[in-house]
Structures are given as structure tokens and as C-alpha cells.
Amino acid sequence: MTQEKDREHHIPFRKPDLIRMLGQQKLTAEEWEQLQRLSSILDATFHFHYHETLEDLKGLYAPFDPDATPFEATTVSEPDQDARQAQFFKRLQSLVRRGNFTRLNWRAIEKALEKSSDWGINVDIDFGIIERLAIFVRGDTFGERTRRVWWKFFRKETKQVPIYRRLVLAIKLKKADNVPEELDTNDIFVKYFKDIPKDDIDMLLPAGNLVMPWLKRWQLQASIASTVAFVVYKVVEQLDNFVDQFSQFKLEMASLALLGSLVGMSFRQYSSYQSTRTAYSLQLSKSLYFQNLANNAGVLFSLVDEAEEQDFREALLGYFYLWRASDDLTVEELDQRIEAELERMGGVKVDFEVTDALDKLQRLNLVTEHEGRFRAVPIEQALATLDDWWDGYFPYADAAVEVEA
């Protein structure tokens with residue numbers, strides 16, 4: 001269960017569900033059929049456009065894809081690498097914005113690194129090995145987390161935690177002593193996560209070292225200190241007895257035995273420390289395993305799909321409510337109507353991007369504007385316009401006719 005903090009641009013309905021909800025608004029059988037046909041061809045139009053976007057982005061990313069096979073890899077000359085990497089980050093930012101993500105600024109990132117949530121792992125980030133970093137988020141909301149606390153006799157406790165429903169991270173490392181030699185620092189790692197607590201963003205960065213909670217560190221340090229003190233005490237105590245009772249040879253043997261005891265107990269404490277670090281590493285891996293949605297080139301597929309869906313939803317909603325309006329609408333009137341209808345139909349509060357929706361519809365010649373007021377073209381005309389767009393995109397038939405003539 002979650003609750004929204006603020007309105008966001010993201011429209012959370014699947015295409016079939018959105019079309020079904022619009023179809024329930026007093027349409028005749030003919031109008032319902034026309035709406036379905038319009039939705040189908042409008043969907044295909046955006047899909048075709050975004051297919052080109054995906055192919056361009058894949059080609060741009062290919063030289064930096066950590067998962068590319070030798071046959072898929074594309075080489076780029078060293079002087080061109082920086083420019084191409086900068087172009088990739090710029091194109092990625094443009095894509096995620098169309099999917100209604102926003103980029104976190106450095107202040108937000110630094111704030112997230114100041115602490116970890118009760119469900120996360122504190123990580124010390126070495127920013128010296130990061131060359132490029134971009135983090136994009138969507139769904140600034142609250143999520144529920146459950147834990148057992150000792151002061152309540154380990155009974156379950158549920159808390160509201162600020163989270164990002166979706167988070168995209170793109171990072172490029174630079175050569176450094178603490179970067180594994182087998183890692184190609186020309187690669188750009190792109191990750192996609194869900195339901196990430198705001199205070200746990202540091203868990204997602206590969207440039208960090210685990211930092212155990214202060215209580216656990218204190219327990220280990222206290223245990224090591226008490227062990228050392230006890231062994232030193234016993235050494236001093238036994239040496240006094242040895243001096244009085246044993247020969248020099250026996251004294252040396254006893255000292256070696258006590259030294260071995262000290263080494264053994266120290267190794268035991270070190271092993272306990274390493275076991276604790278391993279346990280926290282496993283906790284980190286487990287958390288990220290269930291929250292990871294996609295990696296590298298797979299992220300591009302997901303983001304292109306989401307951007308395509310958002311454009312479709314915005315354009316369909318914009319056209320539908322202009323089509324069903326009894327009079328022409330201003331930008332503000334259309335915006336308010338759509339936001340109110342989304343809340344009524346689906347129970348969500350959305351900050352509808354009405355300007356973007358109208359821009360798309362104008363580029364497709366599906367709306368007209370006069371003195372700041374907008375009107376949808378008749379739906380029969382809209383269908384014919386989109387059909388003509390498809391006929392004109394592939395002019396091969398016309399070219400064949402010319403050749404035959």
C-alpha cells in the first residue's frame with residue numbers, strides 16, 4: 001500500500017485499460033469502434049517512431065555495452081570516445097524525460113548518501129573513481145517496509161518509508177587502483193530498479209565499500225579489545241610464575257604457547273569480523289536481486305517502451321477530450337478536465353502534460369487551434385490523416401510505378 005506525495009506527469013494506466021475506461025463514457029457503438037481504430041493506428045504510429053529511436057540509441061551505446069559479444073561490439077577511436085559518451089548520456093536523459101522521469105541533482109544524491117534506511121546497508125562511496133554519473137527517478141512516494149525490533153520483543157513493525165518507484169542509473173568509472181583490472185573502464189553501466197528507499201541510493205553504486213552500523217562495529221571492537229586485554233593479562237601473570245618456578249627453556253616454551261593463544265584468538269575475532277561483512281554483503285545482494293528490473297541494453301528497451309506508452313496515453317487523452325467537448329477548449333480547460341477525469345476514473349492524481357499532448361496532436365494534424373482555443377478534427381478525418389501518414393512514409397509503391405512507366 002502506498003500514498004502519493006505530489007502529482008507527477010506519469011500516467012500509470014496500461015493502454016488497454018485506458019482505452020476501456022474512455023470507452024465507458026457514453027459512446028455509441030459506432031463511436032466506440034472509431035475510438036478503437038484510432039487507438040490502434042495511433043499506437044502503431046508512436047511504435048514506429050520509437051523503433052527508430054531505439055535503433056539509434058542501441059547503435060550509440062554499442063561501443064560501451066558491457067554485455068556485448070565480440071561480434072556485436074563496435075570500436076570507437078579514443079579521440080571520439082568522450083564525445084560519443086557525452087552524446088549517449090544526453091540522448092538517455094532526453095529519453096527518460098519522455099518517460100516522465102526527472103534527474104536527481106547532486107544535492108539530492110549527497111543527501112541520500114548521508115545515511116541509510118533501517119532496511120538498507122550503509123556504503124562509503126569513493127567518488128574519485130566515478131567519471132560520469134546520472135540518476136533518474138519517477139514515483140516520489142511512500143512505501144511500506146516491515147521489520148522486527150528487539151524492544152518490542154521482535155514483533156513486526158510496519159513503517160512508511162520515502163521511496164522512488166522507479167530509478168535509472170547510468171555510470172562510467174575511471175581507471176584507479178581500487179577498480180578491478182578485468183573491468184573495462186570504457187564501459188557504461190546502465191541499471192533499472194524499482195521501489196528504492198531514498199536513503200539507500202548509495203547501495204546501487206559500484207564505487208562503494210560496506211560500512212557496518214555503529215552498534216555492530218562497537219560490538220566487534222569491544223570484543224577484540226577485551227580479548228587482547230585478557231590475553232596480555234594472562235601473559236604477564238603466567239610470566240611471573242614461570243620466572244619463579246621454571247627454567248629459561250620452559251619460560252621460552254610457555255611464552256610461545258601464550259603467543260600462539262593470542263594469535264589464535266585474534267584470528268577468531270578477525271574471522272568473526274569477516275563473517276559479519278559477508279552477511280551484510282549477502283543482505284545487499286538479496287535486496288538488489290529483487291529490486292533490479294533490467295541492465296545495460298535491456299534498460300534501453302524498457303525506457304523506450306515506457307516513453308512510447310506515455311506519448312500514446314497523452315495524445316489519446318488529449319484528442320479524446322477535445323473530440324468529446326461540446327466547445328473548443330483552452331489549454332487550461334483541457335488540462336483541468338483531463339486531470340479531473342483521471343482522478344474520477346482511476347483514482348490517481350496526475351499532473352497532465354497538456355502542452356506536450358497538444359504538440360504531438362498538432363504535429364499529427366489531429367487538432368486545430370484558433371485564438372488560443374483547440375478543437376479535435378472529426379474522428380473520420382483523424383483516421384484518414386494517420387492512414388495517409390503511413391502511406392507516405394514508405395514511397396516504394398510509387399517508385400515502382402515510376403520505374404515501370
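**Close-ups of a predicted model**

**View 1. Leu42 and its neighbours.** Leaving aside residues up to four places away in sequence, Leu42 touches Phe312, Ala315, Leu316, Leu364, Leu366 and Leu386; contact here means heavy atoms within 4.5 Å. This is a predicted model, in which local features need pLDDT of at least 70 and side-chain atom pairs count only at pLDDT 80 or more, while totals for chains, interfaces and linings use all residues. Residues are numbered from 1 along each chain as its sequence is written, and side-chain values use heavy atoms, with hydrogens and water left out.

**View 2. The largest nonpolar core.** Leu42, Leu317 and Tyr319 touch the most other members of this 42-residue core. A nonpolar core is a set of buried Ala, Val, Leu, Ile, Met, Phe, Trp, Tyr and Cys residues joined through side-chain atoms within 4.5 Å; buried means under 20% relative accessible area, exposed over 50%, and partly exposed in between (1.4 Å probe, protein chains only). Among the elements giving two or more residues to the core are α2 (29-61), α7 (297-323) and α10 (379-393), and α7 gives the most, with nine residues. Helices (H or I, at least four residues) and strands (E, at least two) are DSSP runs, numbered from the N terminus. Another core, of 25 residues, lies apart from this one and includes Tyr50, Leu60, Tyr61 and Leu300.

**View 3. Asn100, a loop residue with positive phi.** Asn100 sits in the loop between α3 (78-98) and β2 (102-103). Its phi is about 65°, although Asn100 is not a glycine. Asn100 is buried, with a relative accessible area of 8%.
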